[in-house]
Amino acid sequence: MKKIFILFIFTGAFFVSCNNDLLEPFTPGSLTEDVAITASSDLQRVMNSTYGLLANREDIIFSSVFTDEVGIGFANGGQGISDNYVFFLNTSSASPTAIWNSSYYALSRANRVIAFSDKVTPVSPADAALISRLKAEALVVRALCHIKLLSYFSPDPKSNDALAAILADKIILSTDAGLPRSKNGEFYTSIHSDLDAALVIFNSLTTSPYTGAAVTLYPNKNLAKALKARAYALKGDYVNAETWANDVITTSGIVLANDTNYNSIFHTDSEPANTEVIFRLKRTIQQSTQATNLGNGYASVTTTITGSPFFEIGRSLYNILDANPTDVRRSAIVHPSSIADPNYATSADYRNTDKLIIGKHRGSGSVGNLNSDFKIVRLSEMYFIKAEARVAAGDLPGAAIAIKAILDKRFPVAQALPVYTSATNAWKAILNQRRLEFAFEGYRFIDLKRLGVLAGAGIDRNPADYSSSSANYPAANPTNLPLTSTKFALPVPQDELNANPGIQQNPGY
């Protein structure tokens with residue numbers, strides 16, 4: 001069967017191919033996949049386009065606005081106020097649609113790399129190694145996309161029997177109509193199978209074409225191992241999660257950033273080699289547009305007080321950061337042009353007296369303002385997973401040791417070993433530290449979904465961020481959405497419902 005390569009035909013958001021009948025009007029020699037992908041260079045182009053499709057910021061912005069990372073900025077022109085900030089979701093909501101669509105767009109390309117890597121004939125041993133590496137990269141990306149879909153759309157990621165999304169472990173044809181959602185168990189099996197297959201390939205390759213900073217730009221065995229740890233932690237299988245997290249910590253050659261170089265990860269994308277970042281999506285000046293720049297999800301012009309911020313740092317988050325001024329995460333997140341009102345709680349004009357500017361995703365003149373790299377996986381996540389695993393095993397001192405390893409690098413001096421008096425206390429401490437560590441990186445929504453009940457903690461917005469002096473909200477003040485809400489599983493988008501009669505919707509929509 002031929003598949004169009006240059007012109008992808010979409011039915012709704014998901015089906016990304018066409019059948020023989022649709023190809024018949026094309027003259028002989030039309031550019032189909034079978035003739036377009038014949039060499040490793042063709043596979044490389046498809047893989048490059050896959051990375052481009054991964055760089056969709058919507059899950060990061062959604063996580064910030066829907067939870068408690070942001071407050072309404074003084075330059076807000078209506079962004080978020082009528083939907084995510086007030087917990088309004090339905091099948092036509094923009095955020096779930098973007099998260100679903102972008103994941104499947106990337107999957108459609110990754111699946112083509114995987115399928116055609118077995119059909120392309122290498123011209124040399126080096127070419128064979130490149131083809132194998134590209135297949136491994138695509139397998140890791142496929143696992144990454146499936147983890148994201150399961151995280152956002154499954155009502156219960158810990159249950160094998162709960163529904164996830166549509167499993168895209170092959171090229172999906174237009175004749176594959178009516179595909180149902182697969183269960184989490186099938187998703188986890190596919191995720192680990194892909195990552196294991198990628199590791200076999202990576203371990204068989206004797207050399208890597210990537211050195212220095214380029215190592216973080218492409219999937220490798222460190223990323224595959226880290227994603228296995230992430231997937232097992234999402235499932236609640238902490239025995240396996242800890243095994244893989246420890247593997248990354250001890251064998252990756254990557255170290256935690258310290259208080260002198262942590263900010264370079266975010267402000268300039270120029271941290272020292274082998275420091276903190278396991279995988280990033282690199283941004284270039286050619287990609288610098290307001291629709292895709294990460295920082296443009298929060299502000300219009302720059303990450304400064306004059307940069308027209310339509311979202312600012314949520315007051316509750318700022319209060320925690322400000323209580324520890326030597327924590328390097330404060331300077332990473334809070335732009336120095338911010339103006340903090342000490343009387344914010346009683347201010348009659350809170351929105352204009354308290355201006356807490358998000359400074360994390362700055363970009364630069366060389367790649368465009370607000371156009372920062374997307375940091376997809378960092379080493380600190382592995383330490384947090386280790387800490388979670390220790391709590392799950394009843395080892396509260398072990399959890400404290402894992403958290404201290406991070407804290408010692410975030411402050412200029414070594415920190416006291418935390419003391420956790422109960423499992424609930426430990427879970428809450430981990431959740432609180434993840435809130436600081438991964439603010440504005442797309443973790444918070446999933447972290448609350450995973451850990452909130454264990455920690456006895458949910459969305460934590462300061463009353464000032466939804467007072468009448470901040471904005472005029474519809475219906476009621478958007479205080480704290482309970483963790484029992486069905487909205488912690490996003491709705492299957494209307495685009496998919498229209499195109500796919502076999503899809504099942506989540507409860508509550």
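The following questions and answers concern a predicted model of one protein chain.

Q: What makes the protein chain as compact as a globular protein of its length?
A: The chain, with its 18 helices and six strands, has a radius of gyration of 23 Å, and the globule rule gives 23 Å for 509 residues. The two values are close, so the chain counts as compact in that sense. Along its principal axes, the C-alpha trace spans about 75 × 50 × 50 Å.

Q: Why is Asn296 called buried?
A: A residue is called buried when its relative accessible area is under 20%. Asn296 has a value of 8%, and is therefore buried. Buried residues make up 59% of the 509 residues in the chain.

Q: What makes the approach of the Asn296 side chain to the backbone oxygen of Ser300 a polar contact?
A: The distance is 3.0 Å, and a polar contact requires a pair of N or O atoms within 3.5 Å. The pair therefore meets the distance criterion.

Q: Which residues are in contact with Asn296, leaving aside its neighbours within four places in sequence?
A: They are Arg57, Thr289, Gln290, Phe310, Asn369 and Leu370.

Q: How many of the contacts between residues at least 6 apart in sequence join residues at least 24 apart?
A: In the protein chain, the share is 73%.

Q: Where do the mean positions of the positive and negative charges lie relative to each other?
A: The mean positions of the 45 positive and 45 negative charges are 2 Å apart.

Note on methods: Residues are numbered from 1 along each chain as its sequence is written. This is a predicted model: local features need pLDDT of at least 70, side-chain atom pairs count only at pLDDT 80 or more; totals for chains, interfaces and linings use all residues. Side-chain values use heavy atoms; hydrogens and water are left out. Helices (H or I, at least four residues) and strands (E, at least two) are DSSP runs, numbered from the N terminus. The radius of gyration is taken over C-alpha atoms; the globule rule is 2.2 Å times the number of residues to the power 0.38. Buried means under 20% relative accessible area, exposed over 50%, partly exposed in between (1.4 Å probe, protein chains only). Contact means heavy atoms within 4.5 Å. Lys and Arg count as positive and Asp and Glu as negative; His and the chain ends are not counted. The place of a charge is taken as NZ of Lys, CZ of Arg, CG of Asp or CD of Glu. A polar contact is a pair of N or O atoms within 3.5 Å; within protein, one must be able to donate a hydrogen and the other to accept it, and residues adjacent in sequence count only if both atoms are side-chain atoms.
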